[in-house]
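Trainee: I have a protein model to read. Please take me through it step by step.
Mentor: Gladly. Here it is.

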Amino acid sequence: MIPQPGENNTLKNPLWQAACLFFVLWLCHPLLSAAQGKTAPGVIVAQAEIRPFPLSAEALGNARANESVDIRPTISATLTEILFEEGQEVQAGDVLVKLDNLEQVADLAAAKAALVDSKASYNRSNELFKTNVIAESQLLQDEARKIADEAMVSVAQKRLADTIVRAPFAGRIGLRRVSIGSLVGPGTVITTLDDTHIIKVDFDLPEIFLSRLEAGLKVLAHSAAYPDQAFEGEVTSVDTRVDQVSRTVRVRSVMQNPDGHLRPGMFLTVTLLKERVDALVIPERALIPERSVQYVLVVGENEIVEKRVVQIGRRRPGDVEILSGLSAGEIVIVDGTQKAREGRTVTIIKMETAQP
């Protein structure tokens, strides 16, 4: 087609129109960017609240007898009598076994005879000293011999008493490991004695629970041997040290065991309960982990964002306990943390409410 005179054909050229449009967009780009920069991103927030946060921790524990001892003699001698039955309940002071005591009886008799002689010599010297017949040194010598003989009698009596082995406390006798006529000594275990009326259960908890642990907390224990039975007890003490490797603290609880179902050495699953606990709680989605540090984005005055370090405690589905770094009533971002920037403003789209 032949262009007509006076007609501007350049403006109708498609390439020229595209170039003009690109130029206009290039000129408007800074203005559009500035306008977009001034638009605050929308976020969903929640309020940090003090809410009931019951303490519930599970651990694995080992059962121990309230008192437990291996029955051993303190001297070497032949076993002459066994006065207990396996599994028998005994009281403190009951005689368990007797050892051959002929040598000890003879030693005691000799010690008593020597004491009688030394006492007579001392009494005679004391009378003579009063009349100035003997010197004071002779009197002191006889007195020293008498005191030494009294000590020898005490030693002989102790050795004779050691031939009788008694129960140091009330409890249940274990299996017998020796027979009459056996030569026993301090290294020989005759039997065991356990006080199982009360069972101690030791278990480890993470140090994060340390501030909540106290005497009197309720404890429930379950054993594979009795799957349908729960054993109740309470915390009696908490160890003074935290393990540097596992970062756990040892907790001791006691449980009544009148039926004798619990035995020392049993493996138990322990649940620690404390219902009346209030804590500062926020949604777990608000946490921003960076290496070993946890952050939250706090929406302050004029909806300006502040990045803050927090120390977290226990967790439960959807919630986390805040130990420090945040106060009740403050608002944190739970959704939209990727768009929010510290020091910039945000637009609150929705305020989440706590679930009952």
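Mentor: Start with a definition: a residue is buried under 20% relative accessible area, exposed over 50% and partly exposed in between, with a 1.4 Å probe and protein chains only. This is a predicted model, where local features need pLDDT of at least 70, side-chain atom pairs count only at pLDDT 80 or more, and totals for chains, interfaces and linings use all residues. Residues are numbered from 1 along each chain as its sequence is written, and side-chain values use heavy atoms, leaving out hydrogens and water.

Trainee: Is Gln294 buried or exposed?
Mentor: Find Gln294 in strand E17, residues 293-299. Strands (E, at least two residues) and helices (H or I, at least four) are DSSP runs, numbered from the N terminus. The relative accessible area of Gln294 is 17%, so Gln294 counts as buried.

Trainee: Which residues is Gln294 in contact with, leaving aside neighbours within four places in sequence?
Mentor: Contact means heavy atoms within 4.5 Å. With those neighbours set aside, the partners of Gln294 are Leu287, Ile288, Pro289, Arg308, Val309, Val310, Ile312 and Arg315.

Trainee: How much of the protein is buried?
Mentor: The protein has 356 residues. It holds three helices and 21 strands. The buried share of its residues is 34%.

Trainee: Which residue in E21 stands opposite Val45?
Mentor: Two strands pair if DSSP finds at least two bridges between them. Strand E1 (residues 42-47) and strand E21 (residues 347-352) run parallel, joined by five bridges. Opposite Val45 stands Met351.

Trainee: What is the bridge partner of Ile44 in E20?
Mentor: Strand E20 covers residues 331-335. It runs antiparallel to E1, with four bridges joining them. The partner of Ile44 is Asp335.

Trainee: What is the bridge partner of Thr78 in E9?
Mentor: Strand E4 spans residues 77-82. E4 and E9 pair in the antiparallel sense over two bridges. In E9, Thr78 has as its partner Leu183.

Trainee: Where is the pLDDT below 50?
Mentor: pLDDT is the predictor's confidence in each residue, from 0 to 100. Its mean over the protein is 86, and 88% of residues reach 70 or more. One stretch is below 50 and has zero contacts in the model beyond near neighbours in sequence: residues 29-37.
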